[in-house]
Amino acid sequence: MSTLHAGYFSTGLDADPELAAAIAGELKRQQDGIELIASENLVSRCVLEAQGSVLTNKTVEGLPYGRYYGGAEFADAIEALAVKRATELFGCAFANVQPHSGSNANAGVYLGLLKLGDCILSMNTAAGGHISHGHPATLTGRDYRIVPYGVSRETEQIDMAEVRALALKERPRLIIVGGSAYPRSLDFSGFRAIADEVGAFLMVDMAHFAGLVAAGVYPHPFPHAHVVTSTTYKSLRGARGGLVLWNDPALTDRISYGIFPGVQGSVMMHAVAGKAACFGEALKPEFKAYNAAVIANARALAETLQQCGVRIVSGGTDSGLMLVDLAARGIDGSLAAKALEAAGIAVNKNLIPFDPNPPEAPSGLRLSANAGTARGFGVEEFVAIGQMIDRVLRAPKDEAVLASVLASVRAMAARFPIYTKGP
């Protein structure tokens, strides 16, 4: 008598209708709504199939061609392909594609390059930095001495003189550039000069603009950075996971061991396959056109909101994402995000620089053009989206307004269908 239930190798989600219904619901939500969350994007069917493949079954540890487990012939080939494509895409010598997330990528670098208690100079989360760069609620904030830098009250952009003064005073071992809610371009050469002056490593976390860098529409962190980390979704439009890039061979063992066995165990090979697929797509000419459109669409959205009387933090965007200040509308980001979701528009509430409100009910929203551009929206659509957002922000509790906007959202989404042949 078989120990397997009937259809174990042949029956799909039909065998679990409760789970299937939830996944189908998520598919319909994505198909019918407008996605403006900066940490999300819409992957290709190629990426979906690679990440949902039989590589889910394979366990490997170590680097390609030096594994601790047997049967790794094809896993080695796939990871080596992902590394080759990543280094070609970003013009660097070395890549590690194993991190399960951007936070894991960052943690592996810290462990590999630093000693516990070393000083890290990074952007304050209240000014747009990422929690993995030293928020006190994280292991990074516990294990290292974190010195935050912020932005100018006048420009809401990084003050390089302040960064240098902090670096000279605190003598960090690592300086981190990049964040999760900073919409402007970054002065990588200026940061490197400061790092060299104090003898620090310079790490760029390009999670939110990696695709723009790959497409040549945003400043490149190399050759200025000692090490670059990223996620592989967001503007890269690929599988969820992390990535580390560098050029100095002297850092190779330190970074590799920092990731494994430092902060994680076996490789998620199905995710690595998804990364290989997205890197391959990013090497195609169409990817540059996509990211150029992301910038154009984001600026169209920002300009439309400004014309509607909504303030955009720092006055605009260079990176495809933007922060909206809701103070003039007399509502907080939590209420605004819930109202927009009811109208079919997914956003996330977000702190703005010098926000007087708590993170649970901040003064801002974070918006991005990534996913909308991926499904084919252009400037005309993003102007219309800006106008729809304005309608909701003016009457966030008016159910008639929300219903009217929802109908407009669904009509727009229907003109740009996604995943029409199933999940």
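Hello everyone. First, the ground rules. What we have here is a predicted model, so local features need pLDDT of at least 70, side-chain atom pairs count only at pLDDT 80 or more, and totals for chains, interfaces and linings use all residues. Residues are numbered from 1 along each chain as its sequence is written, and side-chain values use heavy atoms, with hydrogens and water left out.

Let's begin with the sheets. Two strands pair if DSSP finds at least two bridges between them. As a reminder, strands of a sheet pair through backbone hydrogen bonds, either parallel or antiparallel.

Angles run from 0 to 180 degrees between N-to-C directions, and axes are lines fitted to C-alpha atoms, for helices over the stretch in contact.

Within that sheet, please look at β5 (residues 174–177) and β6 (residues 201–205), which pair in the parallel sense over four bridges. L174 has F201 in β6 as its bridge partner. Contact, by the way, means heavy atoms within 4.5 Å.

Four strands form an open sheet in the order β9-β10-β13-β12, and here the pairing is antiparallel. Its edge strands are β9 (311–312) and β12, each pairing on one side only. β9 and β10 (residues 321–325) pair over two bridges, and R311 stands opposite D325 in β10. Helix α11 (residues 285–307) packs on this sheet, touching β9, β10 and β13 (364–368), with its direction at about 10° to that of β10. Helix α12 lies across β12 and β13, running at about 45° to β13.

On to helix pairs. Two packed helices are described by the angle between their axes and the distance between the axes. The axes of α4 (residues 102–113) and α9 (residues 252–263) come within 7 Å and cross at roughly 115°. This crossing is right-handed; the term applies if the near helix is turned clockwise from the far one by less than a right angle, and left-handed if anticlockwise. The α4 side of the contact includes G108 and G112, and the α9 side includes G258 and G262. By class, that contact has six nonpolar residues, five polar and one charged. Ala, Val, Leu, Ile, Met, Phe, Trp, Tyr, Cys and Pro count as nonpolar, Asp, Glu, Lys and Arg as charged, and the others, Gly among them, as polar.

The second pair is α3 (residues 73–90) and α10 (residues 269–282), with axes that come within 9 Å and cross at roughly 35°. α3 passes α10 in a left-handed crossing. The contact residues include A75, A82 and A86 of α3, and A273, A276 and A277 of α10. That contact divides into twelve nonpolar, one polar and two charged residues.

On a 1 Å grid over the protein atoms alone, a cavity is a set of points where a 1.4 Å probe fits but cannot get out, while a pocket is an open set with protein on both sides within 12 Å along at least five of seven lines; lining residues have an atom within 4 Å of a point. Points are joined across faces, edges and corners, and a volume is the space filled by probe spheres set on them.

Our cavity has a volume of about 50 Å³, and its lining includes Y182, R184, H208 and F209.

The largest pocket holds about 1000 Å³. Of its 38 lining residues, E26, R29, Q30, L42 and Y419 lie nearest its centre. α1 gives the most to that lining, with seven residues.

Thanks, everyone!
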